[in-house]
Amino acid sequence: ADLLLPTPLGLSALVFTLIGYTVGLAKAGLLRDSPWFPVTVAFVASSAGVALFALIGSMIGETGLVNAHLATIMLVVGITNAVLALPVLRLMRWSLAGRPPERAYAE
């Protein structure tokens, strides 16, 4: 993704890593599983990723990332990814049907 964007090399990777780590922590121990948890996480993580990308980008000298439309962009990206999470979750449940659940820690 960094090769296609006109932003500093590594900015997307940094943001994706931070958001992925945070989502992993939330899944592993901070929150309990519920039917709407993955959709909520998709919305929040996507919105936070857009905001973090803009904030870190502006801290390292990129101009124009933090503007009046940032909240609108965050909302559109969050809603889009939350809606797209529903068919992806259904597809993943179908593809993993019959497999035993993974354990958090190997015994």
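Which residues make up the largest nonpolar core? In this predicted model, the largest nonpolar core has 6 residues, namely Leu 11, Val 15, Ile 19, Ala 45, Phe 53 and Ile 56. The elements that give two or more residues to this core are α1 and α2.

**Around Phe 53 and Leu 65**

Phe 53, a member of that core, touches Leu 5, Thr 7, Leu 11, Ser 12, Val 15 and Leu 65 when residues up to four places away in sequence are not counted. Leu 65 counts as partly exposed because its relative accessibility is 22%, and buried means under 20%. With its neighbours within four places in sequence left aside, Leu 65 is in contact with Phe 53, Ala 54, Gly 57, Ser 58 and Leu 70. Leu 65 also lies 9.2 Å from Ala 51, C-alpha to C-alpha, although the two residues are 14 residues apart in sequence.

The largest pocket holds about 490 Å³ of space. Of the 14 residues that line the largest pocket, those closest to its centre are Lys 27, Pro 38, Leu 89, Met 92 and Arg 93. Two or more residues of this lining come from each of α1 (11-30), α2 (37-59) and α3 (70-95), and α3 gives the most, with 5 residues.

The second largest pocket has a volume of about 240 Å³. It is lined by 14 residues, of which Val 15, Phe 16, Gly 49, Val 50 and Phe 53 are the closest to its centre. At least two residues of this lining are supplied by each of α1 and α2, and here α2 gives the most, with 5 residues.

The table sets out the linings by class.

| Pocket | Volume | Lining residues by class |
|---|---|---|
| Largest pocket | about 490 Å³ | 10 nonpolar, 1 polar and 3 charged residues |
| Second largest pocket | about 240 Å³ | 10 nonpolar, 4 polar and no charged residues |

In the largest pocket, the 3 charged residues stand beside 10 nonpolar and 1 polar, whereas the lining of the second largest pocket has no charged residues and divides into 10 nonpolar and 4 polar.

Conventions:
Residues are numbered from 1 along each chain as its sequence is written. This is a predicted model: local features need pLDDT of at least 70, side-chain atom pairs count only at pLDDT 80 or more; totals for chains, interfaces and linings use all residues. Side-chain values use heavy atoms; hydrogens and water are left out. On a 1 Å grid over the protein atoms alone, a cavity is a set of points where a 1.4 Å probe fits but cannot get out, and a pocket is an open set with protein on both sides within 12 Å along at least five of seven lines; lining residues have an atom within 4 Å of a point. Grid points are joined across faces, edges and corners, and a volume is the space filled by probe spheres set on the points. Helices (H or I, at least four residues) and strands (E, at least two) are DSSP runs, numbered from the N terminus. Ala, Val, Leu, Ile, Met, Phe, Trp, Tyr, Cys and Pro count as nonpolar, Asp, Glu, Lys and Arg as charged, and the others, Gly among them, as polar. A nonpolar core is a set of buried Ala, Val, Leu, Ile, Met, Phe, Trp, Tyr and Cys residues joined through side-chain atoms within 4.5 Å. Buried means under 20% relative accessible area, exposed over 50%, partly exposed in between (1.4 Å probe, protein chains only). Contact means heavy atoms within 4.5 Å.
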